[in-house]
Amino acid sequence: MPIRLVDLSAQDARTWLPDALTVYVTAMNYPEGTEVQRAPLWQEHVHRPGWQAVAAVESPGAASSQETIVGIAYGYRGAGDQWWNQQVRSGLTRAGADPERIRSITDDYFELTELHVHPAAQGQQIGEALLVRLLADRTEPQVLLSTPEISEENNRAWRLYRRLGFADVLRRFTFSGDPRPFAVLGRTLPLK
């Protein structure tokens with residue numbers, strides 16, 4: 001079925017949020033119920049400066065009249081008073097980065113907060129299309145993201161980020177409250 005990209009508005013979050021969270025939970029293989037815990041955070045994010053979101057929607061077939069979200073990407077302008085920014089600053093400090101480097105990384109960037117494609121729709125370059133659309137008109141000089149560490153970077157997310165030029169900022173970092181190691185990746189903008 002045809003898939004198209006749709007810019008999402010914060011005002012319509014009540015409409016698209018449940019389906020987007022279902023994609024997130026399914027793509028991340030989280031336990032059922034995780035969407036209930038994450039919903040308030042996503043709702044808070046839509047009010048952050050520079051928030052922007054894009055969805056990949058599957059057009060209805062003959063039996064259905066409603067489009068289905070199969071992919072979601074969103075982010076916003078990073079800021080020093082945000083938890084993620086503070087975590088990354090702390091990790092860079094512990095890794096021995098000098099204060100000027102930390103400032104250059106964390107003072108002006110777009111945070112790619114979420115990028116997920118439903119497993120049934122993966123392998124169709126939807127993630128890349130979402131990312132390219134989301135970053136197309138950003139004015140920040142760079143984009144940052146975090147992603148779970150994977151052995152030999154062997155999954156679709158890592159291949160996408162590397163193909164689009166994302167480089168290591170911080171590796172094997174553990175965020176407060178999550179025992180898994182993460183990588184923080186970044187690249188300059190515009191994305192070309």
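Which residues lie nearest the centre of the second largest pocket? They are Leu8, Thr15, Trp16, Val57 and Ile69, and 14 residues line this pocket. The model is a predicted one, in which local features need pLDDT of at least 70 and side-chain atom pairs count only at pLDDT 80 or more, while totals for chains, interfaces and linings use all residues. Residues are numbered from 1 along each chain as its sequence is written, and side-chain values use heavy atoms, with hydrogens and water left out.

A pocket here is found on a 1 Å grid over the protein atoms alone: it is an open set of points where a 1.4 Å probe fits, with protein on both sides within 12 Å along at least five of seven lines, and its lining residues have an atom within 4 Å of a point. Points are joined across faces, edges and corners, and the volume is the space filled by probe spheres set on them. The second largest pocket holds about 270 Å³. Strand 1 (3-8), helix 1 and strand 3 (68-77) each supply at least two residues of its lining; helices (H or I, at least four residues) and strands (E, at least two) are DSSP runs, numbered from the N terminus. Strand 1 gives the most, with 4 residues. The lining of the second largest pocket divides into 5 nonpolar, 4 polar and 5 charged residues. In this division Ala, Val, Leu, Ile, Met, Phe, Trp, Tyr, Cys and Pro are nonpolar, Asp, Glu, Lys and Arg are charged, and the others, Gly among them, are polar.

The largest pocket has a volume of about 1300 Å³. It is lined by 46 residues, and the closest to its centre are Met28, Glu114, Leu115, His116 and Pro148. Two or more lining residues come from each of helix 1 (13-28), helix 2 (34-45), helix 3 (83-94), strand 4, helix 5 (126-135), strand 5 (142-148) and helix 6 (156-163). Strand 4 contributes the most to the lining of the largest pocket, with 7 residues. By type, this lining has 20 nonpolar, 16 polar and 10 charged residues.

His116 belongs to strand 4, which covers residues 110-117. Is His116 buried or exposed? His116 counts as buried because its relative accessibility is 8%, where buried means under 20% relative accessible area, exposed over 50% and partly exposed in between, with a 1.4 Å probe and protein chains only. Its side chain makes a polar contact with the side chain of Glu114 at 2.6 Å. A polar contact is a pair of N or O atoms within 3.5 Å; within protein, one must be able to donate a hydrogen and the other to accept it, and residues adjacent in sequence count only if both atoms are side-chain atoms. Leaving aside neighbours within four places in sequence, His116 is in contact (heavy atoms within 4.5 Å) with residues including Tyr24, Met28, Ile72 and Leu130.

Strand 4 pairs with strand 5 in the parallel sense over 2 bridges; pairing requires that DSSP finds at least two bridges between the strands. Phe110 stands opposite Val143 in strand 5. Strand 5 is mostly covered, with 6 of its 7 residues buried.

Not counting residues up to four places away in sequence, Ala39 touches Leu17 and Leu21. Val36 also lies in helix 2, but its relative accessible area is 61%, so Val36 is exposed.

Thr106 is in helix 4 (residues 99-106). Its relative accessibility is 2%, so Thr106 counts as buried. The side chain of Thr106 reaches the backbone oxygen of Ile102 at 2.7 Å. Beyond residues up to four places away in sequence, Thr106 touches Asn85, Val88, Arg89 and Leu92.

Some backbone details remain. Glu152 lies in the loop between strand 5 and helix 6, and its phi is positive, near 55 degrees, in a residue other than glycine. Glu153 is in the loop between strand 5 and helix 6 and has a positive phi of about 55 degrees. Glu152 counts as exposed because its relative accessibility is 76%, whereas Glu153, at 22%, counts as partly exposed. The peptide bond from Leu189 to Pro190 is cis, with omega near 5 degrees, and Pro190 sits in the segment after strand 7 (181-188).
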